[in-house]
Amino acid sequence: MPLLIQQVPPTQAPIDLLLLADPSEEKIRSYLHQSGCFVASLGAMVIGACLVRPLGPTSHEIMSIAVHPEHQKSGTGTLLLKWVIDFYRRSGAQQLEVGTGSFGYQLAFYQRQGFRVTGIERNFFIDNYNKPIIEDGIRLYDMLRLVLQLTKTECGPE
Ligand SMILES: CC(C)(COP(=O)(O)OP(=O)(O)OC[C@H]1O[C@@H](n2cnc3c(N)ncnc32)[C@H](O)[C@@H]1OP(=O)(O)O)[C@@H](O)C(=O)NCCC(=O)NCCS
C-alpha cells in the first residue's frame, strides 16, 4: 500500500501520535490551531504526523513530528520531513526552525536534511514540563535550536 502524505485541517490532527513527540497534550493544543498539520497514511491508517506553526511571514517552526512506533525506522519520518520541507520551500518560506533534545537520534534525523544548530535553551525541558523526560536512560535538560535555510543550498545536503 503506498504512503500518502497530505495536509489536513488541525481538527484532524492525531493527538495520540503527536504525544510521542511532545508529551504535553496541553502544549500541543496550545499551538495546534495556528499550525499546519501534515499526516502520512497507509490506506485509512494514519502512521505519521507533523505540526508546523508560523513564526513570521517567511519563517516557520516544526513543533512536533512523530511516526507510530510500529512503523518507525522504515523511512516514513524522513519522507514526511522531506515533504514538509519541500512544502514550505515551494510556499516561499525562507527558513524552518525546530527545537529538539540535546542528544539522541533525532538530532541526526534533522541534520541529515540540512538543519544546523543555532543555539541552546538551557533547562528548557525542566522549565516547560512537569515531569522529567527520560530518553535512553538520560534525563533531558536542554533544548537545541536548529534552523534550515530554505533559500540557500551551500549548507544543506544534495
Ligand atoms: C523521529 C521520528 C519521527 C523519525 O521517524 P522514523 O519513521 O522512525 O524515521 P526514519 O525511518 O526515516 O529514520 C530516520 C533515522 O532515525 C533512526 N531512528 C528512528 N527511530 C529510532 C529510535 N526509536 N531509536 C533509534 N533510532 C531511531 C532511524 O534508524 C534512522 O537512522 P538511520 O538512517 O541511521 O538508520 C520517529 O522516530 C518518532 O516518532 N520518534 C518519537 C517522537 C520524536 O522523538 N519526535 C521528534 C521530536 S524532536
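Modeller: Two strands pair if DSSP finds at least two bridges between them. Helices (H or I, at least four residues) and strands (E, at least two) are DSSP runs, numbered from the N terminus.

Colleague: Good, and what kind of model is this?

Modeller: This is a predicted model, in which local features need pLDDT of at least 70, side-chain atom pairs count only at pLDDT 80 or more, and totals for chains, interfaces and linings use all residues. Residues are numbered from 1 along each chain as its sequence is written.

Colleague: How do you know that strand 6 and strand 9 pair?

Modeller: DSSP finds five bridges between strand 6 and strand 9 (residues 143-149), in the antiparallel sense. Pairing asks for at least two bridges, so these strands pair. Within this arrangement, V117 stands opposite L146 in strand 9.

Colleague: What makes strand 6 "hardly covered"?

Modeller: A residue is buried if 20 or more other C-beta atoms lie within 10 Å of its own, exposed if 12 or fewer, and partly exposed in between, with C-beta atoms placed from the backbone. Among the six residues of strand 6 (residues 116-121), the count of buried residues is zero. For the whole chain of 158 residues, 24% count as buried.

Colleague: Which strands pair with strand 2?

Modeller: Strand 1 (residues 3-8) pairs with strand 2 (residues 36-42) over six bridges, antiparallel; here the partner of L4 is S41. Seven bridges join strand 2 to strand 3 (residues 45-54), again antiparallel, and F38 has C50 as its bridge partner in strand 3. Strand 2 and strand 3 form a hairpin with two residues between them, and G43 in the turn has a positive phi of about 60°.

Colleague: How does the chain's radius of gyration sit with a compact globule?

Modeller: The radius is taken over C-alpha atoms, and the globule rule is 2.2 Å times the number of residues to the power 0.38. For 158 residues that gives a value near 15 Å; the chain has 15 Å, so the two agree.
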